Amino acid sequence: MRGAAPWAKAGLIVSAGPGLGSRYAAVMVTGGHGVRMQHDYLHDRAGQPAAARWLRLTRSGDTVTGEASADGTTWSEIDTVRVPGLAGTVEAGLFVACPPHVDGLGSAVDAATAGFGEPELAGDWPAATWTGDQIGARTATFAGYPRGVTGGFAPAGAGFTVTGAGDIAPATRGDLPVGAAPSDLLYGTFPALIVIVVVATLMMTTEYRYRMIRSTLSAGTGRVRVLVAKAVVVAGVTFASTLAAAAVAVPLWSRLVRGLGIYVFPASPGALLRAEAGTAALLAVVAVLALAVGTILRRSATAVTAVVAVTVLPYLLALTPFLPPPMARWLTEVTPAAALAVQQTLIRYPQVDTVYTPANGYYPLPPWAGMAVLCGYTALAFAVAAVLLRRRDA
């Protein structure tokens with residue numbers, strides 16, 4: 001197969017029809033990932049031998065079996081899958097696809113060409129000649145072909161030469177506009193963070209500014225208890241209010257976006273609940289961090305600036321599409337912005353090469369691991385605040 005893209009693919013496919021989103025099963029060789037069997041856009045299974053030159057696809061009802069062979073005699077089963085909804089007569093044949101890729105020389109690879117030997121058929125096939133068509137796009141430009149190149153097939157001896165572009169694979173965030181992922185609505189976390197940082201910081205710094213801290217501490221049974229009480233109040237109010245807002249906004253947003261005809265990436269109820277509750281927990285923990293920093297620095301402007309610099313600023317930089325991906329990943333691994341991973345509902349598919357960066361809704365850490373990074377910073381700041389509050393003169 002001529003086409004250097006690792007996920008360029010050529011093989012055999014059985015499909016319910018040519019329409020967009022039609023169910024299918026396919027066995028294929030790829031440019032850099034060996035022989036595979038894939039079905040229904042989401043599922044991928046590697047097979048042996050990796051250097052297979054013969055492929056076989058067998059259909060029985062709604063069950064499809066994919067096999068590969070290095071010599072055409074000894075066959076190895078890759079997978080057997082169910083494709084519900086296949087009619088008695090289906091479309092089957094040869095295919096080639098090639099997702100956009102930049103090779104090691106910096107050249108764009110947008111199409112692939114594969115040579116097929118003479119197809120061997122078994123079972124009941126209608127008497128017809130082989131035909132070719134472009135599936136999934138209205139024109140060659142939409143399909144992703146380079147200028148002057150179109151897909152198609154041509155007889156080559158007893159077989160065919162087939163050229164194709166595009167991909168048969170899951171959609172990723174970069175393929176669709178803003179609004180297609182449930183986490184897109186949670187971009188409101190940015191202004192909410194700033195408001196919460198200001199309010200939480202002022203809970204302590206205002207008392208120092210107006211010299212009310214002596215009265216507060218003298219009325220309490222312990223300085224650390226006062227700090228803990230303030231943290232409980234600000235965290236509790238923040239968590240409850242933001243959780244209620246997210247629980248109402250996410251379903252409402254989803255209904256409105258679908259009503260506009262925009263595709264929305266599927267997310268399980270558990271993933272949506274985690275994103276909503278995680279966002280509320282993120283803001284609550286940031287509120288405690290701001291309270292602790294306000295206690296340490298005592299000055300509102302300085303404290304707010306410090307907290308914004310370690311939470312909001314990395315967040316904004318990570319969302320900048322022009323930031324180098326390694327830097328974006330670093331910012332969302334070692335700074336408090338790592339907690340934004342709790343908002344991720346998109347799936348990173350190993351069989352799809354794309355830009356998996358925070359700007360596209362993909363974070364390097366698992367959701368609760370990212371949250372743990374923020375909690376670690378907050379725990380350290382709170383411990384320092386407690387020590388300084390006990391030792392310093394109010």
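**View 1. Arginine 56 and its bridge partner in β6.** Zoom in on arginine 56 and you'll find glutamate 67 of β6 as its bridge partner. This is a predicted model, so local features need pLDDT of at least 70 and side-chain atom pairs count only at pLDDT 80 or more, while totals for chains, interfaces and linings use all residues. Numbering starts from 1 along each chain as its sequence is written, and side-chain values use heavy atoms, with hydrogens and water left out.

**View 2. How β5 and β6 line up.** Seven bridges join β5 to β6 (residues 63–69), and the two run antiparallel. Strands here are DSSP runs of E, at least two residues long, numbered from the N terminus; two of them pair if DSSP finds at least two bridges between them.

**View 3. The five-stranded sheet.** Another open, antiparallel sheet has five strands, in the order β4-β3-β2-β1-β8. β4 (43–46) and β8 (91–97) sit at the edges with a single partner strand each, so one side of each has no neighbour in the sheet. Here the twist averages 20 degrees from one strand to the next.

**View 4. Inside the β1–β2 pair.** β1 (residues 9–15) and β2 (residues 24–30) are antiparallel partners over seven bridges. Look for isoleucine 13, which stands opposite alanine 26 in β2.

Definitions and conventions. Helix = DSSP H or I, 4+ residues; strand = E, 2+ residues; numbered from the N terminus. Axes fitted to C-alpha atoms, helices over the stretch in contact; angles between N-to-C directions.
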